[in-house]
Amino acid sequence: MSSTSSGRASSPVVPSPPAENLPATNKWVRGLAVASLVANIGIVVTGGAVRLTASGLGCPEWPLCTPDSLTTTPEMGIHGIIEFGNRLLTFVLAAIAFGMVFSIWKIRAERRDLFKLSVALLAGIPAQALLGGITVWTGLNPWIVGGHFILSMVLIVLATVLVNRAWLSPHQLGSTNGPLATRSLRPLLGALGIASALSVLLGVVVTGSGPHAGDHGAARNGLDPDLMTRLHVVPVYLLVFALAVALYLVYRHATDGRLRSSLLLLTVVVLIQAVIGYAQHFLHLPIVLVGLHMLGASLLTAAAAHVVFTGFSRQVPGADPAARPAGAAASRRG
């Protein structure tokens, strides 16, 4: 007996739109995606400026700046201004995140990928703010400060994926092509991602053992800075080796240009970051170079995430997948 004859009305089935009919994004959405990535990197740099100028407790309270004032006071001097200025940038980041969510609201059902990433980035802002408050409450505990930095790296990864997804054309959204990376290249790309993550994580530990605590009275993690530095360079060497092999493979075979470009970008970032890292070590950690190294860590995270996305995703922005050389398909089977 049908559901109609038994008195139960059957609910209509609304078919999902074909993948090739999913809406592409406009310039406003793409611009906000890029702004989200830039802002998440920028707040890492300004947070580094707070720590490197010993302004970490420039506002000794949270969420207020002082027990009686939301804002900095003249008596707190330049350190209060620097710390409070960094807090204000959180509102800029929040405005961009809200703007991103609102800009895709009408297409959220069709572009769930963008909507989920945007909501995750928005949710990361209060999480960062709360973690920042805990760093103040704990007197800049180096492990909490490190966790604050790592959460920023996670948000940078999400923002990098958001930028890539926002740039997909309708044709690419409906694409069912295999990953751009060959089977022999995929383990290398995975190794690049892992080595990059380990380099950043151990860099945080090195920072926690070094002299730039964010405040002259803040504690350090108690580890040997020289030993931590030597451990830190191990995944860096592995990263450089994996990059060299990956570059050889992509130029040895007819690999898609988008993957070659992403690997070249990562190579440039790694080389610059390595030069800055060695220079800051042998020059005894001048604050300008340490700040540049923090910027480099953010760019390394974004570049590594871009490589992994480009190599493994079946939908990659850029040149039309149909225009890929025939040799690339053959190499993907190898």
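Tutor: The protein chain has 10 helices and 0 strands. In sequence order the pattern is α-α-α-α-α-α-α-α-α-α. The model is predicted: local features need pLDDT of at least 70, side-chain atom pairs count only at pLDDT 80 or more, and totals for chains, interfaces and linings use all residues. Residues are numbered from 1 along each chain as its sequence is written, and side-chain values use heavy atoms, with hydrogens and water left out.

Student: Why are α1 and α9 called roughly antiparallel?

Tutor: α1 and α9 (residues 287-312) pack at about 155°, with axes 9 Å apart. Axes are lines fitted to C-alpha atoms, for helices over the stretch in contact, and angles run from 0 to 180 degrees between N-to-C directions. Under 35 degrees is roughly parallel, over 145 roughly antiparallel, 65 to 115 roughly perpendicular, the rest oblique. The angle of about 155° therefore makes α1 roughly antiparallel to α9.

Student: How do you know that α4 and α6 belong in that class too?

Tutor: The axes of α4 and α6 (residues 186-209) cross at roughly 150° and come within 10 Å. So this pair is roughly antiparallel as well.

Student: Why is Ser-298 called buried?

Tutor: Ser-298 lies in α9. Its relative accessible area is 0%, so it counts as buried. The C-alpha atoms of Ser-298 and Ser-152 are separated by 8.5 Å, although these residues are 146 apart along the chain.

Student: Why does Gly-277 count as buried?

Tutor: Gly-277 has 17% relative accessible area, so it gets that label. It sits in α8 (residues 257-282). Across the whole chain, buried residues make up 45% of the 334 residues.

Student: What makes Arg-111 and Asp-113 a salt bridge?

Tutor: The rule asks for a side-chain nitrogen of Lys or Arg within 4 Å of a carboxyl oxygen of Asp or Glu. Arg-111 and Asp-113 meet at 2.9 Å, N to O. Both residues are buried. The rule gives 4 salt bridges in total.

Student: Which residues form a network of salt bridges?

Tutor: Arg-111, Asp-113 and Arg-165 are linked in one. The closest N and O atoms of Arg-165 and Asp-113 are 2.8 Å apart. This pair links distant parts of the chain: Arg-165 in α4 (residues 142-166) and Asp-113 in α3 (residues 112-137), 52 residues apart.

Student: Why is Arg-258 called buried?

Tutor: Its relative accessible area is 11%, so Arg-258 passes as buried. Its salt-bridge partner is Asp-256, at 2.9 Å, N to O. Asp-256 is buried too, at 6%.

Student: What makes the backbone at Leu-140, Leu-285 and Pro-63 worth a look?

Tutor: Most residues other than glycine have a negative phi, and most peptide bonds are trans. Phi is near 65° at Leu-140 and near 60° at Leu-285. The bond from Trp-62 to Pro-63 is cis, with omega near 10°. Pro-63 is in the loop between α1 and α2.

Student: Are Leu-140 and Leu-285 buried or partly exposed?

Tutor: Leu-140, in the loop between α3 and α4, is at 6% and so is buried. Leu-285, in the loop between α8 and α9, is at 26% and so is partly exposed.

Technical notes
Helices (H or I, at least four residues) and strands (E, at least two) are DSSP runs, numbered from the N terminus. Buried means under 20% relative accessible area, exposed over 50%, partly exposed in between (1.4 Å probe, protein chains only).
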